[in-house]
Amino acid sequence: LLNKEAKNATMVTIFGYPLSIFFIVVNEFCERFSYYGMRAVLVLYFKYFLRWDEDFATTIYHTFVALCYLTPILGAIVADSWLGKFKTIVYLSIDITDANKDGTPDNMTLHVALSMLGLFLIALGTGGIKPCVAAFGGDQFEDHQEKQRSTFFSIFYLSINAGSLISTLITPILRAQTCGIHIQQECYPLAFGVPAALMVVALIVFIVGSPMYNRNPPQGNIIVKVCKCIGFAVKNRFRHRSSQYPKREHWMDWAEEKYNKLLIAQVKMALKVLFLYIPLPMFWALFDQQGSRWTFQATTMNGNFGAITIQPDQMQTVNPILILILVPVMDTLIYPLISKCFNFTPLRRITVGMFLAALAFVAAALLQIQIDETLPDFPSSTESQVKFINMVNRDLQIEADNETISLKGFGTLVLNSFVYNLIFSVFELSFRRVLNGFGSVLNVTVRDKVFNFTSNMSEYLSVSHGKAEFMIKDNRESCVYTQELGFGSSYTLIIPSTFTFGERCSENIKAVMDMKPNSVHMAWQIIQYFLMTTGEVVFSVTGLEFSYSQAPSNMKSVLQAGWLLTVAVGNIIVLIVAEAATLEDQWAEYILFASLLVLVCITFAIMAYFYTYTDPTKIEAQFDKMEPEEKEKRKNFDMPRKGSAESHKEDRGSSDSSSDDECTKQTKI
C-alpha cells in the first residue's frame, strides 16, 4: 500500500483536514490498544499460567520490550507487521495445546515455544508499525497545511495515550474473569483475544481508507547514508594515519574527499546529540519496570478501593492518566514559573527527570520494606517449611529441635526446615484448601467450581476475594459454609471426623489461616507512579524536543532510531540485572537501580555542562551556498586515473557520489 506512485489519491477534506487521517488515527488507537493491553497482563501470564518465577518472568518481559524497540531500526515492513501481530495474538489467546481440557497445556514445552514465537512476531510487527504510521500520516498534508499537520500530530499522540489508558484499564478486568468450557480459571484467552479483535479492526480500517491515501515513493534510507559517510571517514582517516598528513579539525572531515560539507556538517550535529544519548538507557531501565517489578509488587497489596477493586496490572493506568494531566500543567505552569528563577534548559530538564525516576525507585523500596513486614516468614534458598495442623479441639505439644512447642486446638504451626514449602499467594485471589477427615468422599462447590476429594488434603484452590459460600456435599446431604476472603490470604478448611450434616453443620468446619490478607494498600504505589511519570514528562518529552531542535533537517529519523535504541538498551540492562543480581530482597534491587541512575544522572549533568547549543537551520543555510563549489571538488576527486590499480574503485566511488548528492536535499522525515 505504501509503495505506489506519489500523489495518486484524490484529496478529500473535512474542515480543512484530509479525510484519510481519520483512518490512520483510528488504526493507531486500535493498534496501541492491542499492544498495551497484551503487555499489561503479560508478566502475570508468565507467573501464574506458565508458572515462571518472578526473575525469569521479568527477564522475558524486558527481552520482549527490548525487541519491540530494536525492530524499528531493523526496518520491519508495516503491512506484514499488522498481519503477523494478529496471527501472533491468536496463538496466545487460543490454547491449542490443551487436548484433555483440564485448563493446563498437555505439552508445556510446545505451549511455551508457541508463546515465545508469538512474542517474537509481535515485537517485529510493533517495530514495523512504530516508525511508519506517524510519518505516513504527515504525508497526507500539503505543504500549505503546516498548522493542520501540527494539530494532527497532537491528535495522533492523544490516540496513542487513549489506546494505552483504555486497554490497560480494560484488559486486566478481562483477565480477572473466569472462563473455560471444562475448567473455570482466569481468562487469559479473553484478555489476549480482545486485543486480537482490535487488530482486525485496525487492519480493516486501514484498508478501507486506502483509496484516499497520499503515498510518497521511497526516498532512500538516510540512516544508511549516514553510516556510509561515517564509515568512509574512519577508513580514510586510517589510510592517512601517517604523520606526514596534516591533521584535520574533526575526524569526520576526512570524508570531504567523497561527501559534500553539508552532509558532513549534518552528521557532526547528529553525532553530537547521539553522544548525549549514551547515559539515557538507564532511565528506561527503571521506567519500564512499571510493567514487571511494580506489577509483581502490586500482587502483594490490597486493591480494595471501596466501590471498586483494582487489579495489580491495572495500576499501570496511573501512568497515562498522570501524563494527560502533567503535560499541560508542566507547559503552562511549572516551566514558566521555574524560568523566572533561572534558565531551565532542556538538558537540565532531562537531568531532573532522571533524578525523579531514581526517587521513584527509592519510594518503591520503602514501600517494599513495609510490604515485607506483612508477608509470612518464607524459607531461605537452603530451607523449606513444614506445617503442623491440630485437628482436635485440645492443645497438643510438639517437640522440634529439642524444643517443646504448644499447638492449640484447630491451630497451625509453621517451622522453617528442610521440608518442601506448600504456601504461596496471589493478589486478587485468596487460596483455600480442604482437609477432609470425614472418612468418605466429598465434593466442594465454590463460585461454580466443583472439586471432589477423599480423606486427605486437597490442593490449594484459587478463589476471588470477598464473601464466598462453600457448598459441601456427599451422596445424600449438603452443608453451606460462608467465609469472608481477604486479598492474598490463604486458608485451610478442616472437616473433622466428628462432622455431621444438619442445620448447624457449618459450626463443625474450622478455618485455619495459612497466610494473612494483604494489609498494605495499593494506593501507596501512587507516590512512586507520580514521581516516575513526572520524570517521564520532564525527561522524554523534553528529550524529543531537544533532539529535534538540534538535529539537521534530514537527520530526524537518525535521532529517532537512536532514541528508540536507548529504550531497547535500557530493557536489556534490566534483564541482565534480573539474572545476574544475587540480592535476596526486592527492596535492595530497587535501591541498586536508583543508585545506578543517580550515578548516570551525575555523568549526564557533566556532559550537558560542556554541550554547546546550535542552530541547524543557520548552519545548513551557510553550507547550501557552498554546494556548487563542493560538487566540482568531488567531481575532480572522482575522476579515474588511467592505469591506476584503484581506477575501478574510484569509478564505484564516483557512482556512489551521485546518489550521495541526495543527502544535500532537504527531505522531510
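pLDDT is the predictor's confidence in each residue, from 0 to 100, while helices (H or I, at least four residues) are DSSP runs, numbered from the N terminus. This is a predicted model, where local features need pLDDT of at least 70, side-chain atom pairs count only at pLDDT 80 or more, and totals for chains, interfaces and linings use all residues. Residues are numbered from 1 along each chain as its sequence is written, and side-chain values use heavy atoms, with hydrogens and water left out.

Q: Which helix of the protein chain has the highest mean pLDDT?
A: The protein chain averages a pLDDT of 75. Among its elements, helix α4 (residues 78–93) has the lowest mean, 34. At the other end, with a mean of 95, is helix α11.

Q: How many contacts beyond four places in sequence does the model have for residues 640–669?
A: A contact means heavy atoms within 4.5 Å. pLDDT stays under 50 over residues 640–669. Where pLDDT is low, the predicted coordinates should not be read in detail. With that in mind, the count for this stretch is 43.

Q: Why is the pair of Trp 284 and Trp 563 edge-to-face?
A: Rings of Phe, Tyr and Trp (its six-membered ring) pair if their centres lie within 6.5 Å; planes under 30 degrees apart count as stacked, over 60 as edge-to-face and the rest as tilted. For Trp 284 and Trp 563 the centres are 6.1 Å apart. Their planes stand at 85°, so the pair is edge-to-face.

Q: How many residues apart are Trp 284 and Trp 563?
A: Trp 284 belongs to helix α11 and Trp 563 to helix α16 (residues 556–580). Both are buried (under 20% relative accessible area; exposed is over 50%, partly exposed in between, with a 1.4 Å probe and protein chains only). The pair links distant parts of the chain, and the separation is 279 residues.

Q: Is Tyr 611 buried or exposed?
A: The ring of Tyr 611 pairs with that of Tyr 613, with centres 5.4 Å apart and planes at 90°. Tyr 613 is partly exposed, at a relative accessible area of 36%. Tyr 611 has 10% relative accessibility, so Tyr 611 counts as buried.

Q: Which charged residue sits over the ring of Tyr 611?
A: A charge sits over a ring if NZ of Lys or CZ of Arg is within 6 Å of the ring centre and within 35 degrees of the ring normal. Here the charged end lies 4.7 Å from the centre of the Tyr 611 ring, and the residue is Lys 272.

Notes
Helix = DSSP H or I, 4+ residues; strand = E, 2+ residues; numbered from the N terminus.
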